[in-house]
Amino acid sequence: MSTALHKRPASAGTRNGGVPARRAVIRWSWRMFRREWRQQLLVLALIVIALAATVLGAAIATNTPPPANAGFGTAQDMATFSGGSKLASQIAALQQRFGRVDVIENQAVAIPGSINTYDLRAQSQNGPFGQPMLSLLSGHYPAGPGQVAITDGLAATFNLKVGDLWRQGTTSRQVTGIVQNPQSLLDEFALVVPGQVTTPTVVTVLFDAPGLAPAKIGPNVQTLRSAAASNPLNPETIVLALVTVGMLLIALVAIGGFTVLAQRRLRSLGMLGALGATDRNIRLVVRANGVLVGVVGALAGTVLGLVAWLAYRPSVESSAHHVIGEFALPWIVIGPAIALAVVATYFAASRPARAITRIPLVAALSGRPAPPKQVHRSAIPGVVLLVVAAVLFTYTGKSNGNGGGGPIALVGGFVALIVAVILLAPICLTLLAALGGRAPIAVRLALRDLVRYRARSGSALAAISLGALIAVLICVLTAQRYGNVLDYAGPNVASNQVIVYTPNGPGSGGGNGPNGPSTPAITSTPQSQAATAQSIAAALGSHAVTELDQTSASLQHAAAGRSWSGPVYVATPQLLAAFGIKASDVNPDADVLTARPGLSGISRMQRPGRTCQRSRRRQRPR
């Protein structure tokens, strides 16, 4: 006879059974979860939906804005110059000072028969910094002077395909490929080899100048640090805050579910205790079940969110106008969201786990739940936190007239308010039962049952109250936002109107509006600008052009809070006629005419400044 040791026995503790006992109860909890997962379907569904919405929402929120390095490629600094005789010396100075540079030359070319333009761009596809700004869709990059690669938009405009000969005035080039700028899909350009742009309009130089401020480098210099300024209220922070509140609500709902599940397993847990399991082992069974629910729900929700993101990603690309990778996901948000789901279900199961071990073993074997104990809790902590939240909110509102100041006090107020709602919810049930003494019998029975089982109904009431509180806050803040006359939100022109800005007009945007690119100013006369506006209107099938004379004057509110935002135009007879206003209808004592209701009732409004600039508005027929 021979003996052999097939498996080393685990070391057992002296008090709670050690590792073998914990391993056994975890396996038993896993078997019970697989058998009774339908009874936990509500909590599972909440976690799956929450994680799927988190993955999809965070991916959309973080990928919709332009990339942080848009226009910079892999460089940290960018200098922009206009063409001229000093261009070569400026580029040489940067190259001598900082070493490697990547030069991108652009020449604006008008599309025949259209008001749109495209860029004739000279850029090397192997440049040290600009490679992320080029992507080849088909064909190959240009390799010589007689070759060009165009975007798919230009290919559709000029009806070109790879291999065609493209004639531009007296120059003919063969189309070798279709390219795009992954960082801006709205960028329409024709790519040629360096040296083929003879009269560049704008020249961009990419380089690295670590540790130097733009002012110390030279004029027209931007750094990636200044362009992508950090904002604490970025999409990642907002989504993570929403996930935290959502998981708190799920945990409050899950407390009642795990309590009912533990009572259904009361006889099985009593048998486990009769076999020698300690109170810690029994608590581990319930807590392990909560962890399993969180893990399974989080993984299923993450997979569902990934599938939804992969299906919706092309639509996000088309609306965001830049290329988005399949797995360009904010894992810094998704990872904590998964952890929060597991932590929420663990703490939700901890309360019934402690309560189930207080039931005597004989009562547990009989399957009779212990009668609920009347727990008398003081309302003072909840009331104190409610007062603290009100004080913090008041301080936040006074720190800035529009409620935008004191972010620490604002967050602290919300935290105190949430904790106060959770503490006061069970007490509110008692008050409702006392007030419902003369209610119908069905209502009285429901109220008494809720009061009797406050351990699980109180958490559910807190979850409902927090959900209603969030909805009310959204409605109140939205009403306050849109009700502020000085913070107008809405369209500035009708749907059949277009504003054309003059090159040196408002915003100095080079004719592209207040947010247009910084192109060199164009010298033109008001007569030529008026003729250009008339030709644009005629191309759109309209002859109704109204000149807008914008002054440098502005309206200022000499009080705390928001001030006026937006231009102020001169009420010329032509502008009044466009709005159907007769000069006789205007009060001679009026200083400002406005369509914003309520502006006339605001006191302490000031109007400094008196200079005038021009832009033109044309009306397009519907």
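A: A salt bridge here is a side-chain nitrogen of Lys or Arg within 4 Å of a carboxyl oxygen of Asp or Glu. This is a predicted model, where local features need pLDDT of at least 70, side-chain atom pairs count only at pLDDT 80 or more, and totals for chains, interfaces and linings use all residues. Residues are numbered from 1 along each chain as its sequence is written, and side-chain values use heavy atoms, with hydrogens and water left out.

Q: How many salt bridges does that rule give?
A: The count is six.

Q: What does Arg 313 form with Glu 326, and how far apart are the closest N and O atoms?
A: A salt bridge, with those atoms 3.6 Å apart. Arg 313 lies in helix H9, while Glu 326 is in the loop between H9 and helix H10 (331-356), so the pair ties together parts 13 residues apart in sequence. Helices here are DSSP runs (H or I, at least four residues), strands likewise (E, at least two), numbered from the N terminus.

Q: Is Arg 313 buried or exposed?
A: Buried, at 14% relative accessibility. Glu 326 is partly exposed, with a relative accessible area of 41%. The cut-offs: buried is under 20% relative accessible area, exposed is over 50%, partly exposed is in between (1.4 Å probe, protein chains only).

Q: Which other residue does Arg 313 pair with, at 2.9 Å?
A: Glu 317, again through a salt bridge. Both residues sit in helix H9 (residues 279-320), four residues apart, about one turn of the helix.

Q: What about Glu 36, what is its salt-bridge partner?
A: Arg 265, with the closest N and O atoms 2.9 Å apart. Glu 36 is in the loop between helix H1 (18-35) and helix H2 (41-63), and Arg 265 is in the loop between helix H7 (235-264) and helix H8 (266-274), so this pair ties together parts 229 residues apart in sequence. Glu 36 counts as buried at 15% relative accessibility. Arg 265 is buried too, at 5%.

Q: Which residues are linked in a salt-bridge network?
A: Asp 119, Arg 121 and Asp 187.

Q: Switching to the hydrophobic side. How many residues are in the largest nonpolar core?
A: It has 37 residues. A nonpolar core is a set of buried Ala, Val, Leu, Ile, Met, Phe, Trp, Tyr and Cys residues joined through side-chain atoms within 4.5 Å. Among the residues with the most contacts inside it are Ile 47, Leu 51 and Met 247.

Q: Which helices supply at least two residues each?
A: H1, H2, H7, H8, H9 and H10. The largest share, nine residues, comes from H7.

Q: Which residues is Leu 51 in contact with?
A: Leaving aside neighbours within four places in sequence, its contacts (heavy atoms within 4.5 Å) include Met 247, Ala 298, Thr 302 and Ile 338.

Q: And what does the second core include?
A: That separate core of 15 residues includes Ile 111, Ala 122, Val 148 and Ile 150.

Q: Last topic, confidence. What is the mean pLDDT?
A: The chain mean is 79, and 83% of its residues reach 70 or more. pLDDT is the predictor's confidence in each residue, from 0 to 100.

Q: Where is pLDDT under 50?
A: Residues 400-405 are one such stretch, and the model has 11 contacts for them beyond four places in sequence. Where pLDDT is low, the predicted coordinates should not be read in detail.
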